Amino acid sequence: MNIIDKSTSETDFLNILLKNRHITPKNVADFLNPFSPKNIPVSHFGVNKNHLSQAVTRIELAIKKQEKILIYGDYDVDGITATAILWQVLYQKEAKVLPFVPDRELDGYGIKSDSFFKFETKNNLKFDLLITVDNGIVAHSELQKILDAGTEIIVIDHHIADQKLSKSIITVHSTDVSGSVLSWIVAKEIDKNADLGLAALGTVTDCLPLNNINRNIVYHGLQALRQNPNCGIKKLIQISGIQPDSISTYDLGFILGPRINAVGRLGNPTDALRLLCSCSTIQATKFAQILDNYNKDRQSIQQESIDLAQKKIEKNKDKVLFVADKSFHPGIIGIIAGRLTDKYYLPSIVISMSDEVSKGSCRSIKELNIVESLRQLSNELIELGGHAGAAGFSIKTKNILKFKKQITQIINQKLDGLNLKQEKLIDAEMKLNAVNLKNCRLIKKIEPFGIGNPEPIFLFKKLRIVDKRFLGSHQEHLKLKLDDPNTPNNENIVADGIAFKKGDLDKNLKVGNLIDITAKL
């Protein structure tokens, strides 16, 4: 392992980080200075150029003929941003267009023909063109019903396809990027000023790897959000306490994203869409506050449910964590599953039980494609969708115990004999004297961070605890003051470190102890 100290040159330091991220010398310049996605061929996004052309031509015809268009999105951040990106462009082109974001409980996941027809009836409209964004690629029977009723369809989706859709449906599909990016690709063909910032937000919150084309999207999308965010995002940034000129992937994933998701989990997701499409400060302020309030409610409900889930799995000996309860709100079971998987490094299945039909959400680890495992039991499920790492389904409540036995057996067999251990990728060993502003600035050169391009982590050996104390309203964080006893006194450096959510480590640590730590600068 490389050792970084105060004598390590800037070039050597940066080369260590780039090599660890598998950036070859010929790709260094492109990685450090990503091209604008506006100037990149659509094939690099995994999109079929001819299919894109067909979709754009059909949309432009609908605008010209003043046909009635419905954009049917999804209730998570990627789906809501995808809907907002396309709606904004079509609205500005004076299209007769309406957006629809399904309700998690009333409409369920993905395109539903019943929801489409009910929306037509409610608005006393007959849509000529339906555009699905972030959904639709596996909805064969639902889309066929809409086709049969005389509405033409464009599907814009990034989920895994199971078979080809009807030849009557124009499809813009790629699994390389998020639903919001596919929506942006279509929208920018109609208006070059389509909102790249929202595409970056959807990319980060949908956990796309940032070591390929998605890096270009997020790199330039963050610049757009810093310099010229739309009215709604600007107000959400303000109410969230984010510094607008230094907004980062962390802010997208852990501050803005959860606020947009919260209203879709606990309330009406259309309020999030109304925020992103706001044209006035008054409207943006109203809906930003609504989202912030829902997020506070979500945090309270979430913690109680996570505590209960952990009690229920205390005696688990299987390769999957399976927990079901009537008290789990269907809007937060995905969060519960994510927390369990993060903590125990096992795939998690969490079910919100109701009288007849229950909702399930899953999160997985790199060793298991969860949606493939679930598809082996598709006959037991009412509906199913998702990715290798996350999935959602509904199931008849009376079948949960049978399903638990079957899916547990499948996953146990798939993971049998594997050493399941979450890796912590360490970039290098570092001496305390290398913790300086110069190296912090070098680290910023490889932003934005995310999956595939993690924030650098360094190993520090035999540091001495000088002082320690708790932080947080529940003393959940541990703050340490550390120095290196092997450093000459005239070079002695005392560093502050915070171990978030690790207050329980205090009982094993004493002032004067020598410890090894991994840390980010």
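**Strand β4 and its neighbours**

Strand β4 and strand β5 (residues 152-157) run parallel, joined by 5 bridges. Keep in mind as you explore that this is a predicted model. From β4 the chain passes through helix α6 (residues 140-148) and on to β5, a β-α-β crossover that is right-handed.

**Who pairs with whom**

- Tyr 72 has Thr 132 of β4 as its bridge partner.

**The whole sheet**

- In what order do the strands of the open sheet come? The order is β3-β2-β4-β5-β6, with 5 strands in parallel pairing.
- β3 (96-100) and β6 (170-173) are the edge strands, and each of them pairs on one side only.
- From one strand to the next, the twist averages 15°.

**Buried or exposed?**

- Are the residues of strand β4 (residues 129-133) mostly buried or exposed? The strand is mostly covered, with 5 of its 5 residues buried.
- In a regular strand, side chains alternate between the two faces of the sheet.
- On one side of β4 you will find Leu 129, Ile 131 and Val 133, and on the other Leu 130 and Thr 132. These residues are all buried, so both faces of the strand are covered.

**Helices across the sheet**

- Helix α5 (residues 113-123) lies across β2, β3 and β4, and it runs at about 125° to β3.
- Helix α7 lies across β4, β5 and β6, running at about 125° to β5.

**A closer look at helix α7**

- How far apart are the end C-alpha atoms of helix α7 (residues 179-190)? They are 17 Å apart, which agrees with the 16 Å that its 12 residues should span at 1.5 Å a residue.
- Why is α7 described as largely enclosed by the rest of the structure? It is because 11 of its 12 residues are buried, and buried here means under 20% relative accessible area.
- Among the buried residues of α7 are Gly 179, Val 181, Leu 182, Trp 184, Ile 185 and Ile 190. Lys 188 is on the buried list too.

Key
Residues are numbered from 1 along each chain as its sequence is written. This is a predicted model: local features need pLDDT of at least 70, side-chain atom pairs count only at pLDDT 80 or more; totals for chains, interfaces and linings use all residues. Side-chain values use heavy atoms; hydrogens and water are left out. Buried means under 20% relative accessible area, exposed over 50%, partly exposed in between (1.4 Å probe, protein chains only). Helices (H or I, at least four residues) and strands (E, at least two) are DSSP runs, numbered from the N terminus. Two strands pair if DSSP finds at least two bridges between them. A crossover is right-handed if, with the strands pointing away from the viewer, the path from the first strand over the helix to the second runs clockwise. The expected span of a helix is 1.5 Å times one less than its number of residues. Axes are lines fitted to C-alpha atoms, for helices over the stretch in contact, and angles run from 0 to 180 degrees between N-to-C directions. Contact means heavy atoms within 4.5 Å.
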